[in-house]
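Hi,

Here is the structure I promised to pass on.

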Amino acid sequence: MQKYECPCGYVYDPEEGDDDSGIEAGTAFKDLPDDWVCPKCQAEKEFFFEAD
């Protein structure tokens, strides 16, 4: 699955999820809740871009 990066440098990896936000491993970026934000800087999903 595709990883997505926040401008602050945080990378959302679907294989890891986001334990701090209750997001299970295996959750694709597109399937994250609309109100999910970067756990590092609180940026909204719209600011993330596909990571290389």
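β1 and β3 pair in the antiparallel sense, over two bridges. (Strands count as paired if DSSP finds at least two bridges between them; the strands themselves are DSSP E runs of at least two residues, numbered from the N terminus.) Within that pairing, Glu-5 has Phe-49 in β3 as its bridge partner. Zooming out, the sheet is open and has three strands, in the order β2-β1-β3, with antiparallel pairing. β2 and β3 are at the edges with a single partner strand each, so one side of each has no neighbour in the sheet.

Before you read on, two caveats. This is a predicted model, so local features need pLDDT of at least 70 and side-chain atom pairs count only at pLDDT 80 or more, while totals for chains, interfaces and linings use all residues. Residues are numbered from 1 along each chain as its sequence is written, and side-chain values use heavy atoms, with hydrogens and water left out.

Now the charges. Side chains of opposite charge can pair when their charged atoms come close. There are two salt bridges in the structure, a salt bridge being a side-chain nitrogen of Lys or Arg within 4 Å of a carboxyl oxygen of Asp or Glu. One joins Asp-13 and Lys-3, at 3.7 Å from N to O. That pair links distant parts of the chain: Asp-13 lies in the loop between β2 (11–12) and β3 (49–50), and Lys-3 in the segment before β1 (4–5), 10 residues apart. Asp-13 counts as buried because its relative accessibility is 11%, whereas Lys-3, at 38%, is partly exposed. (Buried is under 20% relative accessible area, exposed is over 50%, and partly exposed is in between, with a 1.4 Å probe and protein chains only.)

The other is between Lys-30 and Asp-31, with the closest N and O atoms 3.3 Å apart. Here Lys-30 is exposed at 68% and Asp-31 partly exposed at 47%.

Cheers

Conventions: Helices (H or I, at least four residues) and strands (E, at least two) are DSSP runs, numbered from the N terminus.
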